[in-house]
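Trainee: I have the entry open and would like to go through it with you. Could we begin with the sheets and then turn to the helices?

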Amino acid sequence: MRSASAMSRRKFLLLGGGIGGSLLATPGLTWLGSIWQDQEKTLHSRLTTLFHHQQSARMIGRTYLQRYPQEGNIQVLLEKVVAEASGIPSDSSFNTPPSSADRLRRAGDRELMDVLQRRIRQDFVEEKVVKLQGWILSATEARLCALRALA
Amino acid sequence: MFVDARRIPENQTLETDICIIGAGAAGITLAHEFAGQAMRVSVLESGGLDVDADSRDLNIGQNIGRPYFPLDVARMRCLGGTTNHWGGLCRPFEDIDFETRPWVPHSGWPLRKAELQPYYERARVVCNVRSAEWSADYWVGRDRFPALPFAGNRLKTRMNQIVPTAERRFALNFRKELEQAANLTIYLYANLTDLETNENGRTVTEANVACLTGARFKVRAKQFILAADGIGNPRLLLLSNRRHPAGLGNQHDQVGRYFMEHPRLVTGNLVPTNPRTSVGLYSEHRNLRGDMIEGHVALSAEDLRKEQILDVQMDLDPVYDPAYLACVDALESENVTSLRTLLRAFRSRAIPDDFQRHLTNVLNDLTTWTNHAVTAAPIPLPKPEVISQVWQADPAERVAFLCELFGDIAPAAYMETFKSFPLDHIEVTTRIEQAPNPDSRVTLGPERDRLGLNRVRLNWQLTSLDKRSMIRGLEILGAEAGGAGIGRVQITLSEDDTWPETLRGGWHLMGTTRMSDDPRNGVVDRNCQLHNISNLFVAGSSVFPTAGSAPPTLTLVSLAIRLADYLKDRLR
């Protein structure tokens with residue numbers, strides 16, 4: 001058994017906004033943040049408000065964009081997130097690519113979170129992961145952070 | 001019978017059937033197996049019954065490779081050898097550890113695990129391991145802590161059994177038997193200087209022995225067994241160079257090569273989704289039946305094959321939220337130490353030194369709460385200001401208050417029982433099977449010890465496969481933990497071929513007289529006999545061709561028992 005280090009890693013990551021902080025604050029990416037019910041909001045704006053710890057999400061996003069500058073565009077990131085999310089075999093209605101974005105946009109909070117959570121877990125299972133400053137993150141969650149950084 | 005070799009007359013020659021060099025785990029196991037048999041057995045132990053500085057000095061050597069423990073600390077010259085500081089961890093090797101794996105150069109034992117299995121069971125008894133069960137399912141099912149529910153079947157839990165502290169020291173466990181067996185003679189302070197062979201160099205005729213007092217004598221035997229240690233065994237072979245200039249058994253330059261350890265390093269962090277995630281299973285603890293066990297996360301054999309990496313084992317150590325440090329610290333407090341001392345003494349029906357101080361500490365601790373209770377109340381009632389303080393505190397502060405109110409023993413007992421304070425993160429320590437590497441080796445250095453013998457030089461070296469295996473193990477941990485929603489993993493180990501200075505081994509010295517059916521690739525054959533030498537054998541982890549990630553003691557004891565059986569048959 002070990003005693004804790006001088007400062008909590010969890011807290012350090014949150015306060016310092018270090019990489020992974022937002023993920024830690026949102027256990028399992030449960031997306032506790034308020035998801036806009038407003039159907040008029042764009043999918044992009046809905047996705048960028050998912051995070052409980054916005055500052056940490058932005059930092060992860062910036063790190064991701066430095067690593068993958070070719071994805072430094074909201075449209076590219078959105079397309080990738082939607083394409084991956086629509087690949088999730090599920091009981092939801094997101095599995096028809098041409099209209100995936102529309103359906104994601106029209107989805108309720110719970111359904112949107114459910115799809116993203118399952119996509120993120122599936123990313124890990126399929127090892128669609130990125131390594132950012134040592135953190136092993138799902139490609140989807142990293143892209144969501146990148147969207148936040150570009151917002 | 002124990003004999004102080006310093007009293008043996010100068011230049012005397014002793015006659016025996018079997019001469020064992022070294023009285024550590026392997027040497028004592030051999031002696032135990034030969035006890036009561038119709039053969040005379042002599043054991044030459046370099047040290048005495050306890051550690052002494054002069055004998056220890058003979059173990060000094062030079063580390064010229066990766067930073068390693070001082071060689072006189074990593075080994076012990078006295079009865080019981082390194083079992084005197086053994087951690088008691090036991091687990092058999094896995095099936096895959098014995099296989100020839102194309103992606104692991106120089107891998108493959110000339111034995112299969114099934115051939116060693118009956119000896120593992122006997123070794124378990126010799127080592128005082130309580131249960132014959134090794135499957136993780138068995139242990140997890142009987143533990144109060146769950147295994148982490150990883151997403152797929154890439155990771156599995158492995159369980160070590162831990163021999164209780166009081167039962168680990170072979171010197172204590174077998175001393176009576178060694179003393180009383182009519183056919184055993186243990187010579188203390190008897191240092192082998194070299195082995196002599198007959199003219200054709202194929203048979204060892206006698207062992208030359210020296211004492212630090214200057215006395216020298218010889219031992220003639222039908223069979224000789226080197227059971228020094230993973231560094232001592234190759235050193236003694238290299239020193240036996242009168243007829244074999246390169247050393248005994250070294251015709252193919254194999255002696256001393258392939259030195260292996262279990263490289264061990266803090267490599268990352270697992271930050272759990274749920275701070276209450278239990279990793280109690282992965283800490284050393286007593287299970288519901290009172291057995292000492294410790295779990296590890298390891299890659300499945302299928303994944304090792306698929307990934308083409310070495311065996312990887314990950315230890316998970318909880319790091320608690322600093323707010324709860326008061327309770328964690330209670331475990332190390334003087335009052336809890338006093339309670340432990342008293343309990344230990346009572347269990348062995350003894351009265352500890354400083355009994356009164358320990359008792360006072362415990363009683364004061366257990367009555368701490370009375371300082372915060374309403375005086376003369378008919379029932380224990382906390383003072384109103386205390387209730388108010390606790391009420392107003394945030395949850396973490398409340399825990400600290402509880403420690404203040406109830407002393408150290410109550411929170412320590414809670415901590416020991418439930419291991420369940422909120423975690424800040426889980427520290428991941430990775431321990432790998434080191435790849436056999438001919439450039440990682442023990443040689444003779446130019447410096448000489450008090451007996452005039454060359455001291456050893458250790459050049460511990462790792463390969464890129466070692467590093468890749470560590471990193472890949474962590475990546476898979478990260479994927480499995482993320483996929484199961486357990487948490488996220490951060491790798492703190494760099495991905496290049498360099499190693500941090502903090503890298504250490506597990507005090508396991510292996511591989512330097514490796515086993516192989518082919519004399520060009522090994523020093524001993526499947527029976528632990530030196531190739532081309534008719535009556536010289538090696539016991540200990542120096543014969544391991546690969547190291548697995550399991551602690552070596554149980555396996556080396558199994559091999560020693562197997563060797564004893566072989567020699568009993570041969571001498572019958």
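Predicted model: local features only at pLDDT ≥ 70, side-chain atom pairs only at ≥ 80, totals over all residues.

Trainee: How many bridges join β12 to β21 in chain B?

Mentor: Three bridges link β12(B), residues 223-226, with β21(B), and the two run parallel. Within that pairing, B:F224 is opposite B:L536 of β21(B).

Trainee: What about the other sheet, the one with β5, β19 and β18 of chain B?

Mentor: That one is an open sheet of three strands in the order β5-β19-β18, and its pairing is mixed. Its edge strands in chain B are β5 (62-63) and β18 (441-448), each of which pairs on one side only. β18(B) runs antiparallel to β19(B), residues 454-459, with five bridges joining them. B:V442 has B:L458 of β19(B) as its bridge partner.

Trainee: Which helix lies across β18 and β19 of chain B?

Mentor: Helix α7 of chain B, residues 232-239, does so, running at about 60 degrees to β18(B).

Trainee: On to β11 of chain B. Which residues are on its covered face and which on its uncovered one?

Mentor: In β11(B), residues 216-220, B:F217 and B:V219 make up the covered face, whereas B:R216, B:K218 and B:R220 make up the uncovered one. In a regular strand, side chains alternate between the two faces of the sheet.

Trainee: And what does β11(B) pair with?

Mentor: β2(B), residues 13-15, runs parallel to β11(B) and is joined to it by three bridges; there B:L14 is opposite B:V219. β10(B), residues 204-210, runs antiparallel to β11(B), with five bridges between them. In this second pairing, B:E206 stands opposite B:R220. β10(B) and β11(B) also form a hairpin with five residues between them, and B:G214 in the turn has a positive phi of about 110 degrees.

Trainee: Is β16 of chain B enclosed or open, and how many of its residues are buried?

Mentor: Seven of the nine residues of β16(B), residues 312-320, are buried, so the strand is largely enclosed by the rest of the structure. It pairs in the antiparallel sense with β15(B), residues 292-299, over two bridges, and B:V297 has B:M314 of β16(B) as its partner. With β17(B), residues 423-432, β16(B) pairs in the antiparallel sense over nine bridges. In that pairing, B:L423 of β17(B) is the bridge partner of B:Y320.

Trainee: Where do α7 and α8 of chain A meet, and at what angle do they cross?

Mentor: The axes of α7(A), residues 109-125, and α8(A), residues 139-150, come within 7 Å and cross at roughly 125 degrees. That makes α7(A) oblique to α8(A). A:L116, A:R119, A:I120 and A:D123 of α7(A) meet A:A139, A:T140 and A:E141 of α8(A). By class, the contact has three nonpolar, one polar and three charged residues.

Trainee: What span should α5 of chain A have?

Mentor: At 1.5 Å a residue, the 13 residues of α5(A), residues 74-86, should span 18 Å, and the end C-alpha atoms are 18 Å apart, which agrees. The buried residues of α5(A) are A:L77, A:V81, A:V82, A:E84, A:A85 and A:S86.

Key:
Residues numbered from 1 in each chain as written. Chains lettered and ligands numbered in written order. Pairing = 2+ DSSP bridges. Helix = DSSP H or I, 4+ residues; strand = E, 2+ residues; numbered from the N terminus. Expected span 1.5 Å × (residues − 1). Buried ≥ 20, exposed ≤ 12 C-beta atoms within 10 Å, placed from the backbone. Axes fitted to C-alpha atoms, helices over the stretch in contact; angles between N-to-C directions. Parallel < 35°, antiparallel > 145°, perpendicular 65-115°, else oblique. Contact = placed C-beta atoms within 7 Å. Nonpolar A, V, L, I, M, F, W, Y, C, P; charged D, E, K, R; others polar.
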